[in-house]
Amino acid sequence: MELKLINEQGQEMSRLQAPDALFDREYNEALVHQVLVAYQANARSGNRAQKDRSDVRHTTKKPWRQKGTGRARAGMSSSPIWRGGGRVFPNSSDENFSQKLNRKMYRAGMAAILSQLVREDRLAVVDELSIEAPKTKLFLTKIKSMGFESVLVVTDELEENVFLASRNLPNVLVVEVQQADPVSLVRFPKVLITRNALAKFEEMLG
């Protein structure tokens, strides 16, 4: 599979040869969906909690006498069928949302995503990406000159100037290869990879 190598003006200079196993894999929608769901589920933290009938604040006084009122018998106002009562099966604060995903499945899912990006012409390669000073305006000018508005930039090593200049841009995300995740690859309309990062991708997912 050949990838498009562009210059700083966004013009195609040449084509790079890339492994078919990583950039020419058949798109498996079910596998990609499972990878995306598992990634987002593993990022969740169990920070929600609900109260059961022993946790809610209530009186232990019987609301009314057992017989003779014509109403259903009631023992406590903490009953789950009462307004303000406890939940029957409350959510716990230590709930575990993680999903197990085999390493082979994750690699295959990432390769399927990258292959689909190439087929949709959403992925490009650049020799390097650097700026002289940590200025957002400089970085934004460079990105726009390459023809990108919203882009995920994957580098082999995150330069400090690029990191500082890009962190305030809502439509641009710059990450190292190790931090490239399937959700970001799918979410951004364009993906820009440096040449050295491309080699690391091959090492990690090949």
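Let me start with the largest nonpolar core of this predicted model, which holds 30 residues, and within which Phe23, Leu114, Leu123, Val154 and Phe201 touch the most other members. The elements that give two or more residues to this core include the strands β1 (2-6), β3 (123-126), β4 (151-155) and β6 (190-194), and on the helical side α1 (20-23), α2 (29-42), α3 (103-119) and α7 (195-205). Of these contributors, α3 gives the most, with seven residues. Apart from this core lies another one, made of 17 residues, among them Ala124, Leu129, Leu169 and Val174.

Let me now turn to α3 and its neighbour α2. The axes of these two helices, α2 and α3, come within 9 Å and cross at roughly 115°, and because angles of 65 to 115 degrees count as roughly perpendicular, that is how α2 is placed relative to α3. The crossing of the two, α2 and α3, is left-handed. If you look at the residues that meet there, you will find Leu31, Val32, Gln34 and Val35 on the α2 side, facing Met105, Tyr106, Ala108, Gly109, Ala112 and Ile113 from α3. Sorted by class, this contact of α2 with α3 has eight nonpolar and two polar residues, and no charged ones.

One more residue of α3 deserves a look, and that is Ser115. Is Ser115 buried or exposed? Its relative accessible area is 0%, and therefore Ser115 is counted as buried.

Conventions. Residues numbered from 1 in each chain as written. Predicted model: local features only at pLDDT ≥ 70, side-chain atom pairs only at ≥ 80, totals over all residues. Heavy atoms only, no water. Core = buried A, V, L, I, M, F, W, Y, C linked by side-chain atoms within 4.5 Å. Buried < 20%, exposed > 50% of the residue type's maximum accessible area, 1.4 Å probe, protein only. Helix = DSSP H or I, 4+ residues; strand = E, 2+ residues; numbered from the N terminus. Axes fitted to C-alpha atoms, helices over the stretch in contact; angles between N-to-C directions. Parallel < 35°, antiparallel > 145°, perpendicular 65-115°, else oblique. Left-handed = near helix turned anticlockwise from the far one by under 90°. Contact = heavy atoms within 4.5 Å. Nonpolar A, V, L, I, M, F, W, Y, C, P; charged D, E, K, R; others polar.
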